[in-house]
Amino acid sequence: MSRTKGDEEEYWNSSKFKAFTFDDEDDELSQLKESKRAVNSLRDFVDDGDDDDDLERVNWSGEPVGSISWTIKETAGNSGPTQEGREPKNRNSFSYGQLPKPTSTYSLSSFFKALSDTPAKSYAPELGRPKGEYRDYSNDWSLCDTVRRLRKGKVCSLERFRSLQDKLQLLEEAVSVHDGNVITAVLIFLKRTLSKEILFRELEVRQVALRHLIHFLKEIGDQKLLLELFRFLDRTEELALSHYREHLTIQDPDKRKEFLKTCVGLPFSAEDTAHIQDHYTLLERQIIIEANDRHLESAGQTEIFRKHPRKASILNMPLVTTLFYACFYHYSEPEGTFSSPINLKKTFKIPDKQYVLTALAARAKLRAWHDVDALFTTKNWLGYTKKRAPIGFHRVVEILHKNNAPVQILQEYVNLVEDVDMKLNLATKFKCHDVVIDTCRDLKDRQQLMAYRGKVDKGSAEEEKIDTILSSPQIRWKN
């Protein structure tokens, strides 16, 4: 089939294939070179004079620039087509000295990092932390600066004080500022970093620091180290007292009693030895009384325990509490029993004032007024009775009023107060009218008696008594 000249030209021009030319712009190598030129043209945007060695550089294939695989491919690409046949040889004979210098040291990662760091997204400049803040952990503080920072409660490491001389100088500096918290902080550091022998030896000649350490060990309850310290210092009495304190940690009464028994022979002073012996004896008594009273209370046959059930155990209670308990539940028991108040008084040499105060409070609480009266009644060698109170009758009146004693009982003991002014004050305070009227009559104080007449109820027996005394011609009143 023949074509015209025009058809042939249209055919050739409409073909989707093009002839090969050396100047073809679609050549892949030319496109690669053009791409590299485009990347290099970004230099003005990226290059700001800073060191970009910390940025990861990649080529167009995504491999890091400078890696072995990138170097081999780059070498093969730059050597031209004639080196393709020798590529295996070049891989086997690869060395760092033969690597060519890359054409460009800039990458897309650096470019996008530069774009993300543009001032358009910076809302405020970032201020650096003061250099002083970093010095807390740099261990470059002087001795005085370290103690000063400890006083202010700031973070300060003591680990740089490694030699014994440095540690002792730090301790002396802490003592010189007279701050207990700083001294204790340094002592904790020395306790952790020094042997016990060296620490005890150095503190023996530094009494201020020694007292702080002893107090600190007592506070934290480190009895073992405290005993070792007292033993090193040959302070036997304090060693014994520290050992005695361990009884506070023993909850079982029988085990505590046995422990106290071992403390009796320790090198205490004479006075302390007596106290330790009394403590052991008291606990021994309490164990016996507690077991017996628990049995009586559970049986329900004793009237005092039925009317007044026990609110707490007597074990490990003080001596005064034990005496009050005995006066409340076992007041009438014979002296030979362990729970008798008289037995406790004699065994532990309780003074008369303490015994009377405790017994009065216990019997008044039970409203046992007969026992109260007997407590203050004494007989002389002629058989005459007399009331005597080693604590003073004014205190007796106050205790009786606190326990809601009747007015008749109060008046009896108010009349026994020797001081007249105190008697009038107590009688007026507790409304003992007869005592006030009789005292004003004995004092012949008409004015005070008339003033008191206005305080009693109208038409009462007290008012009639006052009117009778005021109208009596036999009384010579004071002016």
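These are my notebook entries on a few features I looked up in this structure.

**Entry 1: the model**
I am working with a predicted model.

**Entry 2: helix 18**
I started with helix 18, which covers residues 319-329. Which of its residues are buried? I found Thr 322, Leu 323, Tyr 325, Ala 326, Cys 327, Phe 328 and Tyr 329.

**Entry 3: a pocket**
I then looked up the second largest pocket. Its space comes to about 380 Å³. I counted 14 lining residues. Lys 311, Phe 324, Tyr 325, Phe 328 and Tyr 329 lie nearest the pocket's centre. Which element gives the largest share of the lining? Helix 18 does, with 5 residues. I had already listed Tyr 325, Phe 328 and Tyr 329 among the buried residues of that helix.

**Entry 4: a surface patch**
I turned to the surface. Trp 381, Leu 382 and Tyr 384 make a nonpolar patch of about 480 Å². I placed Tyr 384 in the loop between strand 1 (377-379) and strand 2 (385-387). Is Tyr 384 buried or exposed? Its relative accessibility is 56%, so I wrote down exposed. The cut-off for that word is over 50%.

**Entry 5: salt bridges**
How many salt bridges does a search of the whole structure find? It finds 23.

Arg 206 pairs with Glu 172, and their closest N and O atoms are 3.1 Å apart. Arg 206 counts as buried because its relative accessibility is 17%. Glu 172 is partly exposed at 43%.

Glu 238 pairs with Arg 235, with 2.4 Å between the closest N and O atoms. I noted both as partly exposed: Glu 238 at 28%, Arg 235 at 26%.

Lys 307 meets Glu 303 at 2.7 Å, N to O. Why are they about one helical turn apart? They sit 4 residues apart in helix 17. In an α-helix, residues three or four places apart point the same way, because a turn takes 3.6 residues. Lys 307 is exposed at 57%, while Glu 303 is partly exposed at 45%.

I also recorded a network. Shared partners join Asp 434, Asp 438, Arg 441, Asp 442 and Lys 465 through salt bridges.

Methods: Residues are numbered from 1 along each chain as its sequence is written. This is a predicted model: local features need pLDDT of at least 70, side-chain atom pairs count only at pLDDT 80 or more; totals for chains, interfaces and linings use all residues. Side-chain values use heavy atoms; hydrogens and water are left out. Buried means under 20% relative accessible area, exposed over 50%, partly exposed in between (1.4 Å probe, protein chains only). Helices (H or I, at least four residues) and strands (E, at least two) are DSSP runs, numbered from the N terminus. Patches are made of residues with over 30% relative accessible area and no salt bridge: like charges are joined within 9 Å, nonpolar side chains (Val, Leu, Ile, Met, Phe, Trp, Tyr) within 5 Å. Accessible areas come from the Shrake-Rupley method with a 1.4 Å probe; for residues, only the protein chains shown count as cover. A salt bridge is a side-chain nitrogen of Lys or Arg within 4 Å of a carboxyl oxygen of Asp or Glu. On a 1 Å grid over the protein atoms alone, a cavity is a set of points where a 1.4 Å probe fits but cannot get out, and a pocket is an open set with protein on both sides within 12 Å along at least five of seven lines; lining residues have an atom within 4 Å of a point. Grid points are joined across faces, edges and corners, and a volume is the space filled by probe spheres set on the points.
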